[in-house]
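Please walk me through this structure, keeping to what the coordinates show.

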Amino acid sequence: MRADRTFAYGATAGLLGDLLLGDPRRGHPVAAFGRAAAAVERALWRDHRGWGALHTAVCAGGAAGAALLATRAVRRRPAASVALTAAATWAVVGGTSLGREARAIGAALEAGDVEAARARLPHLCGRDPQSLDAPGIARAVVESVAENTSDAVVGALVWGALAGVPGLVAFRAVNTLDAMVGHRSPRHLRYGWASARLDDVAGWPGARLTAALAVAAGGAPRRATRAWRDDARKHPSPNAGPVEASFAGALGVRLGGTLSYGGRVEHRPVLNGGGRAVEVADIERAVRLSRRVGWLALGAVIAVRKVRT
């Protein structure tokens, strides 16, 4: 079977598996990778960029190498190759769980239970929930849905189209390492530098595709394009900026502003400043847009893979 068909069948099956099953409650492969990466960090940690780069190479390289060996083991068996691609896609994408968490927080806010929403927010993002009121929580959820549409769905599909199962696995490994050590805490300021920079590089194509598809699928292409063009570069993240700006424009809301991470207050520029404040109902709209973008991304990368093959 041709490689483009193997990817098309496997990635579609994997995305359907995520839609129907979501993430497993126990034994998730990404969680297992996280535990292994944490063990490597305990062994290697030094307050030094070089040791952090070694940590990144060992963890991301090891995951990609294992995926490459698995791919080679089944390359002469088409059905097994499709099954491996499907399993890898299902393991690394997280669109359904993203939507479930966002909707759970939205339901708590609609019920007026702000404390329940605060308790649930850390499942979705790293904001300090106690510093947020209901509108702030809603805004944080919409921003997280936008960013994670790229990180948890589109970026993985892009690298799967480029490099098959090793690409899928390597992207998720890099993204997970960035979440673990790439943030700018005192412990990881130098040690996590390599993971953060590698995640910026790996996430670049998926973020731009996510932004473009949000423009196409959001129902307000001119407004979304304008927000992307005018505001994306203001965001401190080179990849979250285009995604959050295009989602803000597509949904007609303002994102950005003051937020708090780990006790550190940041004053970020406003994205789509002409939009209105985020409301609870916008959480559902963001989730639906995220799902449309994910399926459009699958179609786009399958088409590109077919042209390249």
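**A tour of the model**

W45 is partly exposed, with a relative accessible area of 26%. The model is a predicted one. Y191, by contrast, is buried, and its relative accessible area is 0%.

These two residues belong together. A search of the whole structure finds one aromatic pair. Its members are W45 and Y191, whose ring centres are 6.4 Å apart. Their planes stand at 40°, so the pair is tilted.

Next comes helix α8 itself. Two packed helices are described by the angle between their axes and the distance between the axes. For α8 (residues 193-217) and α10 (residues 240-251), the axes come within 8 Å and cross at roughly 5°. Angles under 35 degrees count as roughly parallel, and α8 and α10 are therefore roughly parallel to each other. On the α8 side, A207, R208, T210, A211, A214 and V215 make the contact. By class, the contact has eight nonpolar, two polar and one charged residues.

Finally, turn to α1, residues 3-21. This helix has 19 residues and reaches 26 Å from its first C-alpha to its last, close to the expected 27 Å. Its buried residues include D4, F7, L15 and D18. After α1 comes G22, with a positive phi near 65°.

How values were computed
Residues are numbered from 1 along each chain as its sequence is written. This is a predicted model: local features need pLDDT of at least 70, side-chain atom pairs count only at pLDDT 80 or more; totals for chains, interfaces and linings use all residues. Side-chain values use heavy atoms; hydrogens and water are left out. Axes are lines fitted to C-alpha atoms, for helices over the stretch in contact, and angles run from 0 to 180 degrees between N-to-C directions. Helices (H or I, at least four residues) and strands (E, at least two) are DSSP runs, numbered from the N terminus. Angles under 35 degrees count as roughly parallel, over 145 as roughly antiparallel, 65 to 115 as roughly perpendicular and the rest as oblique. Contact means heavy atoms within 4.5 Å. Ala, Val, Leu, Ile, Met, Phe, Trp, Tyr, Cys and Pro count as nonpolar, Asp, Glu, Lys and Arg as charged, and the others, Gly among them, as polar. The expected span of a helix is 1.5 Å times one less than its number of residues. Buried means under 20% relative accessible area, exposed over 50%, partly exposed in between (1.4 Å probe, protein chains only). Rings of Phe, Tyr and Trp (its six-membered ring) pair if their centres lie within 6.5 Å; planes under 30 degrees apart count as stacked, over 60 as edge-to-face and the rest as tilted.
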